[in-house]
2 protein chains.
Amino acid sequence: MADSDAIAIPHGFRTAAGKAGIKPSGGPDLAVFVADGPCAAAGTFTTNRVCAAPVKWCRGLLPADDIRAIVVNAGNANAATGAQGAANAERTAARAAELIGCEPRQVLVASTGVIGHQLPMDKVEAGLDRLIPRASADASSFDEASRAILTTDTHPKVVSLSYSEGGVAFSLLAMAKGAAMIGPRMATMLAFILTDAPVWPSDLQPILLDAVEDSFNCLSVEGHASTNDTVLILSSTASTAPTLRGEELTAFAGMVRSACESLARMMAADGEGATHFITIDIEGCRDREEARAIAREVAESALVKTAIHGADPNWGRIVSAAGYAGVDFDEGELSLWINGVCVYEAGAPTAFDAAALSAGLKAERDVTLRLALRRGEGRIRFWTCDLTAEYVHLNADYTT
Amino acid sequence: MADSDAIAIPHGFRTAAGKAGIKPSGGPDLAVFVADGPCAAAGTFTTNRVCAAPVKWCRGLLPADDIRAIVVNAGNANAATGAQGAANAERTAARAAELIGCEPRQVLVASTGVIGHQLPMDKVEAGLDRLIPRASADASSFDEASRAILTTDTHPKVVSLSYSEGGVAFSLLAMAKGAAMIGPRMATMLAFILTDAPVWPSDLQPILLDAVEDSFNCLSVEGHASTNDTVLILSSTASTAPTLRGEELTAFAGMVRSACESLARMMAADGEGATHFITIDIEGCRDREEARAIAREVAESALVKTAIHGADPNWGRIVSAAGYAGVDFDEGELSLWINGVCVYEAGAPTAFDAAALSAGLKAERDVTLRLALRRGEGRIRFWTCDLTAEYVHLNADYTT
C-alpha cells in the first residue's frame, strides 16, 4: 500500500478525477486515465450473465495493442440498462476519444454504483470535457482518481511497485474499489493496473488471468458476483521499448500478482461493516479447485461470519460449511485450527480453551482459519470478512 | 397450521416431552414419539458430508417396516463428535428400546442444537427414563413435543390433516423445527410426520422424497446446510390395515406434500430475525433445475435480503443474483416483478413508482418476487426471509 508521497507513476500516463454530479452525495465520481501513446491492454471481467454495458464494451475490445484511455465512473453501474445503456457506454468512449484525439474503440470504460439506472450523460460528458484537458502525471491526480472510483469503500486502495535490475527498470501502479457485491467469479470489483513495463498483449493477458485467479478470485465479501467486475491492465511502452522476456517477464508477472493480492486483501479487510479480516487456508485437498470450493462455502456462510463477528469460537459452523461444498471427504479426514488453536482433529472435537480463544478473537482484527484434509496437496488461501449488523444497515437502505 | 385444540392425533402413537437439562436455558429439550406397534418408516437427510451421528444412525435403518419410536433432543446437535458421538446416538436408542420393549434398531434418533459437543448422556438417559413411561396420545403431549424440539424458533410449527372418503379415513400430524442453518440440500431441518394411513415403506419413501423436493428443498434461510437435517415419516397401521392404493394413495401423497410445504413456509417466515417472508417464483426456464439454481442464488443473496429488509426496491440486486446462477440466459430474456409491479422488462428498466413500491414493502410482511425468463416451461416456487441486524445479533453470540 502506498500513500501519494511514495507512489511511482509509470511513464506515459496522465490522469484526472473529480465530481461530475453522478453520485447523489456530490462526492468525486469520475476518473480518467489517459496514455500518451497506444498501450498494450488486457482485461478480465465478471462471469455474471447480467453484466454491465461497460463490461460488454471492454470485452469486445481486449486484448489490444492501441488503447489510449480508461474512463471510470462511480455512483451508477450502467448495468441492466438495456440498449440505452450500451449506447451510453459507447457515447462515453466517443466523447473521451474526441477530447484525446483517438478512436472510440481505443477508450475503455468502467462503471460502478447502483444497478438499473441510466447514466446521466449530460453530466458524464460535461465531466469529461472538464477533466481530460487537465489530466496530469503527478501523484495527486492518481490519488484523486483512486478516491473517485470508490462507492462504499472507507478508503482508497492503491499499490505501487517498482523493478530495477541490470539497467531494466519499470513500475506498476494499481488501484481498486470494492467493499460489497463481491463474490469470486472472475474479477470481482474494479481494478486498474498501469505499468510502463514493455509487455505485449499476448503476454499481458495470461499474466493478468493468473494473477486474478489467485487474488480477486480468492476473495468474497458476501458471495454476490457483481455485474460490473472489471480488471484492466495497460502497458504504456510496449510499442517503444524491447519487450520483456525470461526472468524480467517473470519478475513483472510476480509484481502483477503481488499487486492484485494486496488489493484483494485490502478489499476483504474493508468489506462493508467489517470488524474482522479473515484469512482462510484450506490444505490437503486433491486439487486447488476442491480447496477453492471449500474455502468459498466457509467464506460465504453467514453463520461462520457472524460467529467470528461475535468472537464466538463456534467451530461447528466452519466444519459444517466445509461439509456442503460438494467435496466428498470424510469427517475423519478433517482438522481445524482457529488462530492457530486446534479445535477439531481428525473428525473429533478437542479440549481447547474456548474463553481464551474467544478473547483472542475479540482483541484482534485479523483471524486465520486453517482447515486441513488428508487427501492430497491441493491448497488455497482465501480472504473474507465478518458479517455485522452494520453490513445490514448499510445495505438495507442503499437506493432509497 | 393447527392449534392443540384442533389437531387430530393419528392412531397408534403416544408422545412425551419435557426438560432433560440439555439446553443451558433449562427449557424443554427432549421429545419421544412412541408407536404402539411396528411402523412403516421412511426418511430423508442432509447431504452435508459432515453429518450428525443421529443422521448416520437413521440412514442405516431406513426405510423400515418395524420402527417403534423416535427420540429427539434439542440443545445439542451431536454433530462433529466422532466415535463417541456415534456411540451416544446408539446408546440413546438402546435406552429408549429397553424402556419400550423393542430392539435399539427400532428406535430412530434426531438431534439439533450446537455442533461439536458431546451429548450429556446422564441427562438424556434420565430424561428418557422419566418421559417414556408417561407417553400419551393426548393433544397436549404432542403440543409439548412440538415445543421441545425447537431451538431458536419463535413458535412451534405443526400441521394436522385428515382424510375421509368412502369409508377410508386417516390423519397426518407433522411438526418441524428450523429457523437458521437452513439451505436447500435435501431436508433442511428436523421434521416428523406421523400418520395412521396404511402405507408400506416402499410407497412411503418415494412419497416423502417427492414432497421434500418441492417443500424443504425450496427453502433457504441463509444457505448453510445443516449437519442434522432429518425428515422422518412413520405410518402406524401399515401392518394392520389394507394398504392404500390408487386415488387414496394419491390423496395421501398430496397430504404429505401439503404438510411439508406448510412447514417449509412456516420455517422461512420464522427465519432468525426475519421481518419479511419472501416467496420467489421463477418461471420460463428450460427445466425445474434451472429455476431452482436461480431461485437459490436470489434467496441466498445477502444483498437481496438486506434490500427487502430495508423496503428498498433495489431490483438490480435481484437480476444480478439471477445472473450468477450458472444459467446461460441473456438479459433480454429476463423480466422481474416485485409485489406484482414490473420493474425490469425484457432486459431494460421500467418507469415504476419506487416510492409506492417501497411503501408497500414497508407495510407488508409478505413479499413476492417473480422472475420470468423466455426459455421454456420450467418453474419453481421458493421461500426465504430477509436478513436483518437481529439475525447478526442472534448468531454472533450463540455458544458463548
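This is a predicted model: local features need pLDDT of at least 70, side-chain atom pairs count only at pLDDT 80 or more; totals for chains, interfaces and linings use all residues.
Two strands pair if DSSP finds at least two bridges between them. Keep that in mind for strand 7 of chain B, coming up below.

**A strand with neighbours on both sides**

Let's start inside chain B. Strand 7 covers residues 190-195. It has 6 bridges to strand 6 (residues 168-177) of chain B, and these two run antiparallel. Another 6 bridges tie strand 7 to strand 8 (residues 230-235) of chain B, this time in parallel. Here are the two pairings next to each other:

How many of the 6 residues of strand 7 of chain B are buried? The count is 6 of the 6, so the strand is largely enclosed by the rest of the structure. In a regular strand the side chains alternate between the two faces of the sheet. On one side of strand 7 of chain B you'll find Leu190(B), Phe192(B) and Leu194(B), and on the other Ala191(B), Ile193(B) and Thr195(B); both faces are covered.

**A buried aspartate**

Now hop over to strand 3 (residues 64-76) of chain B, where Asp66(B) sits. Is Asp66(B) buried or exposed? Its relative accessible area is 18%, and buried means under 20%, so Asp66(B) counts as buried. Leaving out residues up to four places away in sequence, Asp66(B) touches Pro38(B), Cys39(B), Arg105(B) and Gln106(B).

**Where the two chains meet**

Time to zoom out. Chain A puts 63 residues in contact with 63 residues of chain B. The area buried between them is about 4,500 Å², with carbon and sulfur atoms giving 58% of that. On the chain A side, Arg49(A), Tyr324(A) and Glu331(A) lose the most area to chain B, together 15% of what that side buries.

What about charges and polar groups? There are 4 salt bridges between the chains. Arg49(B) forms a salt bridge with Asp330(A), and their closest N and O atoms are 3.2 Å apart. Across the interface, 26 residue pairs are in polar contact. Elements giving two or more residues to the chain A side include helix 8 (302-309) and helix 9 (316-323) of chain A. The residues on that side split into 28 nonpolar, 24 polar and 11 charged.

How values were computed
Residues are numbered from 1 along each chain as its sequence is written. Chains are lettered from A and ligands numbered from 1 in the order in which they are written. Side-chain values use heavy atoms; hydrogens and water are left out. Contact means heavy atoms within 4.5 Å. Buried area is the accessible area (1.4 Å probe) that two parts lose on being put together, summed over both. A salt bridge is a side-chain nitrogen of Lys or Arg within 4 Å of a carboxyl oxygen of Asp or Glu. A polar contact is a pair of N or O atoms within 3.5 Å; within protein, one must be able to donate a hydrogen and the other to accept it, and residues adjacent in sequence count only if both atoms are side-chain atoms. Helices (H or I, at least four residues) and strands (E, at least two) are DSSP runs, numbered from the N terminus. Ala, Val, Leu, Ile, Met, Phe, Trp, Tyr, Cys and Pro count as nonpolar, Asp, Glu, Lys and Arg as charged, and the others, Gly among them, as polar. Buried means under 20% relative accessible area, exposed over 50%, partly exposed in between (1.4 Å probe, protein chains only).
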